[in-house]
Amino acid sequence: MAIIDPRHAAKQLIYERVFRSATLSAAILVLLILGGVAMSLLRGAWPAISHFGFSFVAREIWNPVTDEFGALAPIYGTVVTSVIAMLLAVPTGFGIALFLTELCPPLLKRPIGVAVELLAAVPSIIFGIWGLFVLAPVLQRHVQPWLIAHLGHIVLVGKLFKGPPFGIGILTAGVVLAIMVLPFIAATLRDVFDTVPAMLKESGYALGATTWEVMWNVVVPHSRVGIVGGIMLGLGRALGETMAVTFVIGNAHRISSSLLAPGTTISSAIANEFTEAVGDLYTSSLIALGLLLFLITFTVIAAAQAMLRRLERRSGAAV
Amino acid sequence: MIPSTKPPKHLKMRPPVAVAAERTEDLGPPKIEIRALNFYYGDVRSLHNITMSLADKSISAFIGPSGCGKSTLLRVLNRMYGLYPRQRAEGEVLIGGRDILGPNVDVAELRYRVGMVFQKPTPFPMSVFDNVAFGLRLGGGIRGAELKSRVESALRDAAIWDEVKDKLHADGRSLSGGQQQRLCIARAIAVKPEVLLLDEPTAALDPISTLRVEETLQALREKYCIVVVTHNLQQAARVSNVTGFMFMGELVEIGPSSRIFTSPQDRRTDDYITGRFG
Amino acid sequence: MNRRALRKAKNAAFLVLSLIATMTGLACLAAILWTLLSHGLAGMSWHLFTQMTPPPGGQGGLLNALYGSAVMTLLGILIGSPIGVLAGTYLAEYGRNSRLSTVIRFINDVLLSAPSIIIGLFVYEIVVVHMGHFSAIAGALALAILAIPVTLRTTEDMLNLVPVGMKDSSAALGAYPWRTTLSVLYPAARSGIVTGLLLAIARISGETAPLLFTALNNQFWSTHLNAPMANLPVVIFQFALSPYKDWQDLAWAGALIITVTILVLSISARVLLAMLQAGRGSGR
């Protein structure tokens, strides 16, 4: 008959409790990390917050000598570079995803998909150094003069393309960011498109619709939530990206109407200045910038995740 | 689905199809006794007031259409349902005279006493030897030469020894499907359980492997109380001493296989075994 | 008929655009790799692996930076991956449907894409400020925090891929979940979990931002975990932005080393995963 040694059984039960607690603690640690990030940033930023109050986010000035700090320029730079990046990367990423799901010959589907994913694995510092030494000179010599010459005189829009072609600046940072987030957006959109049931697409084709029409009228409406989620995930990356931007932004704490002028972003300001910051208020102001970035990206990423989850649940339920 | 209603305990909703008399004479004392068993998935009742007893050293088969509750019944006998939330059993189930549904039952110990083999072969990601030794090592106290001989005899009992004796250290997953299933049987019987449960053990196998597994079961009948769930009527007729027919969560009738398959007493059993539904 | 032709033309136009988009993406990858190779190979020499980072104008290599990166990445994985694997185990096995797990899954996905510089600031606040100085251990901690979400996610996904029957069989033999997990589920999901580790190493070995104010940098050879330590990404950052040609060349060489390492890691992870899927397909 089956017999269990009772001492052995008691030991098993203890091991079970230990193991279970270990996994539970590890899981809870994940929560604590997020909470800890929020708490420690708040504590570090507190001197700046209490000193400047709300004006911290509303002022452009950034003067370590007089200890006056405002976050407006970095916020502006972060938002504008990310917007440029999204304007460039979203249509391109959409095109790549469309190509991979609908057009690509099956033989090439995997290699191209893998290439896109590998591009996503390249560390951001590589994009930075490449942007500084390769992309910036190209933009300075060929693209920016053209923009100044052809768009610089148009009313309103012209303001964005005034001044000398520095090479580095807001626009270049936006382009580097675009190249960085492109693979994320392309890969996420491809995965989102793949959740559309084949039958739905086939019934579109059966009505005589062209590939584009099926894409635009069937696939896109069906996966709208996922598309927005994927794009926002890319946006979250763009907003928080540090190294790629730091190389090419020019690090100037001012808001210039021209996209060609140097600027700064939240993350590049922290990366450039943190170790050199002297004085509590300076350091604290940089941490306050970090807190702002945390709040912004957390909101964007959380919203993106919530949307992608909704899509996942729906496609899970449909199957 | 049938709405949840608490059955009045004193009132037997359906006369327990008393075949115990005709069976116990042939087969000795009951190993498993089930009284007024009800099972719930959340609010849905999926077993209705089941009462029966199953003999030791015999094979009892349960047949019935998909969703009739036969697999659920099996999962009550080793409390596998406890792994999943919102599932619960009410009533009384005794194995070897000991209550298994009570709150103080050591489930790990119960499962050690009640072996189970699943529909798909589930060799663990380890060697053939370690697969069979897995349960023995869990119990503790069995090592060295004794462990080796226990593994060997389990493999012999499962009729797979000759095929694997030269590759005891090969990965269990490298065996063929039929061999994997007999390996799983060996793993289950290595700890010498009191009861062996098999849930559609040949559903995923080819005909030849099926035959080997059935032969294995025939040989094991002399040692164990075996309960098989199957949708294969011929299999039930071939291997079992006793067959029970289940339908919509009820045990419609149970009796010697020879009688169930030749002269069923309930109309629904007749319809099922003659292929009129299910 | 005319309308049909218009629709076809529109279709063709968009398809060409999508082709162009794909070409653009691939061209970017090619351009980056080409630049890295052409600049990096020029700077490749044995000195890189035998000498320390030099002062401006001097001759030198990247030995201290390579060592520092290896040590901190390794430490980061040693600290972070067990936490990730255990937490992933909790989500997949113990708390599969619990409310807590839903929250943790969500938070983990947020951490997965959170800006790494924030993690750097966090570790600065809780470690560097309290110790009073930058240190390798602070850098390793920052990397560990970045490794957790990656390993957690892959561990949970891979454990969920293990056939339910295997878990049930082990439970049916009377094994407690811890035993089932260690003896059956982990071995069954081994290559998947290893894939997660490779991806985590790939993720953290190129990280720069979180090291800037945790490990900082160190021009000299140092093996003290309690002191600032050189590391490849920060050296690349400083040298690339310097006006000295020698330093820039070293930065390119370092960039090539880091990229090749990460691409090799990502590709191996992919190959491993493909083998896993192939095995699953034919094994059943």
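**Figure 1. The open sheet of chain B.** In this predicted model, chain B holds an open sheet of 4 strands in the order 2-1-4-5, with antiparallel pairing. Strands (E, at least two residues) and helices (H or I, at least four) are DSSP runs numbered from the N terminus, and two strands pair if DSSP finds at least two bridges between them. Strand 2 (44–55) and strand 5 (98–99) of chain B are the edge strands; each has a single partner strand, so one side of each lacks a neighbour in the sheet. Strand 1 (residues 30–41) and strand 4 (residues 87–95) of chain B run antiparallel and are joined by 8 bridges. B:Glu33 has B:Leu94, in strand 4 of chain B, as its bridge partner.

**Figure 2. Helix 2 on the sheet of chain B.** Helix 2 (residues 70–77) of chain B packs on the sheet and touches strand 1, strand 2 and strand 4 of chain B; contact means heavy atoms within 4.5 Å. The direction of helix 2 makes about 115° with that of strand 1 of chain B. Axes are lines fitted to C-alpha atoms, for helices over the stretch in contact, and angles run from 0 to 180 degrees between N-to-C directions.

**Figure 3. The interface of chain C and chain B.** Contacts link 19 residues of chain C with 26 residues of chain B. The two chains bury about 1800 Å² between them, 65% of it on carbon and sulfur atoms; buried area is the accessible area (1.4 Å probe) that two parts lose on being put together, summed over both. In chain C, the residues that lose the most area to chain B are C:Asp168, C:Ala172 and C:Leu173, together 34% of what that side buries.

**Figure 4. The salt bridge between chain C and chain B.** The count between these chains is 1 salt bridge, in which the side chains of B:Arg75 and C:Asp168 meet (3.2 Å, N to O). A salt bridge is a side-chain nitrogen of Lys or Arg within 4 Å of a carboxyl oxygen of Asp or Glu. On the side of chain C that touches chain B, helix 7 (164–172) and helix 8 (177–188) of chain C each give two or more residues. Helix 7 of chain C supplies the largest share, 8 residues.

**Notes.** Residues are numbered from 1 along each chain as its sequence is written, and chains are lettered from A and ligands numbered from 1 in the order in which they are written. Local features need pLDDT of at least 70, side-chain atom pairs count only at pLDDT 80 or more, and totals for chains, interfaces and linings use all residues, while side-chain values use heavy atoms, with hydrogens and water left out.
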